[in-house]
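Have the structure open as you read.

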Amino acid sequence: MNYIGSKNKLSEWIKTTVENTIAMPLEDIVFCDLFAGTGIIGRKFKPFVKQVIANDVEFYSYILLKNYIGNHQDISSAVNYIQQLNELKGKKGFIAEEYGEKGKANRLFFSEENAQKIDACRQQIEKWKNEGEISKNTYYFLLASLLESADKIANTASVYGAFLKKIKTSASKKISIKPAEFSLTKHEHHVFQQDGNQLIQQIKGDVLYLDPPYNARQYGANYHLLNTIAKYDTFVPKGKTGLPDYYKSAYCKKNEVAKAFERLIENAQFSYIFLSYNNEGLMPPETIKEIMQQYGKYSLQTKNYQRFKADKTEKRNHKANATVEYLHILEK
């Protein structure tokens, strides 16, 4: 999944830095990813640590995390259920009408065929759950599989802040539901859907990894359609892109982010805190350092890497192809 701020390419560097910093073996730690998104970092640590705590306020992220982090034992008949979904005929429902080609709302997020197939799959998954046909673990696995498969054939440049005027080549391909495979572990893990600043007051552990939003882009707006597919509830979509009401994070607001961050650090009951943030973020490195060093021993690691592009270069505020990732470290 193309994701703003994804740490997929940086995950090995982050894991190595954590290992070289903490004074205990990975297999003994409780690792928390508080702004987990698609769960890339939690998934990286999951096979090696005692327990992962993963959290994100967005519902689509919660579904992905319940599968990739929460699921830790094999799911029986997983292949069979995926096959049944792929064999379903399309059905015109909420996604086809509001976000599909030739739908009543005229929003080209999906081709007509794919929009109807997403509706059919989403309704079938819910039917299986309501009838007791599948377990909660299987439900999250199937929903995560649908979300990621739908994202691959979405008719967008990357995020869901806008759709393209014509169906692009990749969006015209017939959707195929691919299994969202997860790693198996002997230990259980915990997944939450809460505001990070509220959850931090209820949890504790050894390593806290923070990857909050960097800029003014609200994830609830940029990925609203994934939330809509995941929730599959009824609402009146607003505007050209069919937005629902969505959560607005303090970390996306320049006048609120520093205060929210300091409260988070103050309340964190973790021995080590690692903050991923880049040089295009709302908080300058000096502000982060000033806040973190009040609570313990502070250090910093940096790495250059290619930036995420969710729009055309000429329309971006930041024209550079590369960015600097800061990994701020606090031994509390």
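A residue counts as buried when its relative accessible area is under 20%. This is a predicted model, and C121 comes out at 0% relative accessibility, so C121 is buried.

C121 sits in helix 6, where the buried residues also include N114, I118, I125 and W128. What covers them? Among the elements over the buried residues of helix 6 are helix 4, helix 5, helix 7, helix 8 and helix 11. The helix 6 geometry checks out too: at 1.5 Å a residue, its 19 residues (112–130) should span 27 Å, and the end C-alpha atoms are 27 Å apart. After helix 6 comes G132, with a positive phi near 75°.

How many disulfides does the whole structure have? The search finds 0. C32 is in no disulfide, as its nearest cysteine sulfur, on C252, is 19 Å away. C32 is buried, at a relative accessible area of 0%.

Now the rings. The count comes to 17 aromatic pairs. Here are two of them:

| Pair | Type | Centre to centre | Angle between planes |
|---|---|---|---|
| Y60 and Y223 | tilted | 5.7 Å | 40° |
| F109 and F163 | edge-to-face | 5.1 Å | 75° |

Y60, in helix 3, and Y223, in the loop between helix 10 and helix 11, are 163 residues apart. F109 and F163 lie 54 residues apart, in the helix 5–helix 6 loop and the helix 7–helix 8 loop. Both F109 and F163 are buried.

Methods: Residues are numbered from 1 along each chain as its sequence is written. This is a predicted model: local features need pLDDT of at least 70, side-chain atom pairs count only at pLDDT 80 or more; totals for chains, interfaces and linings use all residues. Side-chain values use heavy atoms; hydrogens and water are left out. Helices (H or I, at least four residues) and strands (E, at least two) are DSSP runs, numbered from the N terminus. The expected span of a helix is 1.5 Å times one less than its number of residues. Buried means under 20% relative accessible area, exposed over 50%, partly exposed in between (1.4 Å probe, protein chains only). Contact means heavy atoms within 4.5 Å. A disulfide is a pair of cysteine sulfur atoms within 2.5 Å. Rings of Phe, Tyr and Trp (its six-membered ring) pair if their centres lie within 6.5 Å; planes under 30 degrees apart count as stacked, over 60 as edge-to-face and the rest as tilted.
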